[in-house]
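Welcome! Please take a moment to look over the sequence and the 3D view below before reading on.

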Amino acid sequence: MKEIYEPKFVERLFDNMSSSYTKMNYITSFGFSERWRRQCVEEIDIEEGKVVVDLMTGMGECWKHILKNSDSNSQLIGLDFSSGMINRAERRKVKFSDANIALLKENVFDNSIESGSADCVISGFGLKTFNDEQLVQLANEIDRILKPNGKFSLIDVSVPKFRILKPFYMFYLKNIIPILGKVFLGSPETYKMLGIYTQEFGNSKNVYGIFKKANFEVEYIEYFFGCASGIKGVKK
């Protein structure tokens, strides 16, 4: 399983999915993905005039929630290493013509964001593509770019803990999602990876443990019976 966490593998995967990812993400989460993104952003109170970094920004699906209270002094930095995702984020950027949005096509572990420059860090549905070693790197990188007392909120789909719900949810991910992937993309294997990543990921408790060891005060959060989970925190 080691190769599925290689950056080039993940980059190619999301390049391939970029044309249908928003639609598929909505379907795979039974329509909850938009709600979970909103809740993830609302976990931390983003005030006017703040610099917000959206890591693994994808197509900018979190932006409308991040920019809700923005003003002329606010800045949003979206980072992703997938060309397909960044190209679609550039199109979305046009809808926010009054906002100060900078897009970076860079790897989260090798980026040009200035140290201590961000007030807040957000990430929606990017955690499951990292192994433990990479999650440690992610914690260190968020620590690097955040200002003291800076806040972060991260979320991803998870395996629900309820015994009644879990088998149905996993059957859906492993069997139904690949069929939908073939319908929308002509490739069941591509979307099959979402189920594999989710099963290996489990939930954000491991992320919580890793971030708790870093320079953060951190809290673990579950959404809708554990079908999504995440963490929020503050840099000490």
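The sections below walk through some residues, ring pairs and a helix contact.

## Before you start

This is a predicted model, in which local features need pLDDT of at least 70, side-chain atom pairs count only at pLDDT 80 or more, and totals for chains, interfaces and linings use all residues. Residues are numbered from 1 along each chain as its sequence is written, and side-chain values use heavy atoms, with hydrogens and water left out.

Helices (H or I, at least four residues) and strands (E, at least two) are DSSP runs, numbered from the N terminus. For accessibility, buried means under 20% relative accessible area, exposed means over 50%, and partly exposed lies in between (1.4 Å probe, protein chains only).

Let us begin with Arg37, which you will find in helix H3 (residues 33-42). Arg37 has a relative accessible area of 5%, so it is buried. Its contacts (heavy atoms within 4.5 Å), leaving aside neighbours within four places in sequence, are Asn25, Glu61, Cys62, His65 and Phe125.

Met24 belongs to helix H2 (residues 21-28). Its relative accessibility is 0%, so Met24 counts as buried too. From Met24 to Ile145 is a span of 121 residues in sequence and 31 Å in space, C-alpha to C-alpha.

## Aromatic pairs

How many aromatic pairs does the structure hold? There are ten. Rings of Phe, Tyr and Trp (its six-membered ring) pair if their centres lie within 6.5 Å; planes under 30 degrees apart count as stacked, over 60 as edge-to-face and the rest as tilted. Tyr5 and Tyr197 make an edge-to-face pair, at 5.9 Å centre to centre with 70° between the planes. This pair links distant parts of the chain, 192 residues apart: Tyr5 sits in the segment before helix H1 (7-17), and Tyr197 in helix H8 (residues 188-201). Tyr5 is buried because its relative accessible area is 12%, and Tyr197 is buried because its value is 1%.

Phe109 and Phe130 form a tilted pair, 5.4 Å centre to centre and 55° between the planes. Phe109 lies in the loop between strand S3 (101-105) and strand S4 (118-124), and Phe130 in the loop between S4 and helix H6 (132-145), so the pair ties together parts 21 residues apart in sequence. Phe109 is partly exposed at 24%, whereas Phe130 is buried at 12%. Elsewhere, ring pairs link Phe32, Trp36, Phe224 and Phe225 into a cluster.

## How H6 meets H9

Two packed helices are described by the angle between their axes and the distance between the axes. H6 and helix H9 (residues 205-213) pack at about 50°, with their axes 9 Å apart. Here, axes are lines fitted to C-alpha atoms, for helices over the stretch in contact, and angles run from 0 to 180 degrees between N-to-C directions. That angle makes H6 oblique to H9; angles under 35 degrees count as roughly parallel, over 145 as roughly antiparallel, 65 to 115 as roughly perpendicular and the rest as oblique.

On the H6 side, Asp132, Leu135, Val136, Leu138, Ala139 and Ile142 meet Asn206, Val207, Ile210 and Phe211 in H9.

## Positive phi in two loops

Met56 is not a glycine, yet has a positive phi of about 50°. Met56 is placed in the loop between strand S1 (51-55) and helix H4 (63-66), and at 17% relative accessibility it counts as buried.

Phe225, from the ring cluster, also has a positive phi, near 60°. Phe225 is in the loop between strand S6 (216-223) and strand S7 (228-235), and it is partly exposed, with a relative accessible area of 49%.
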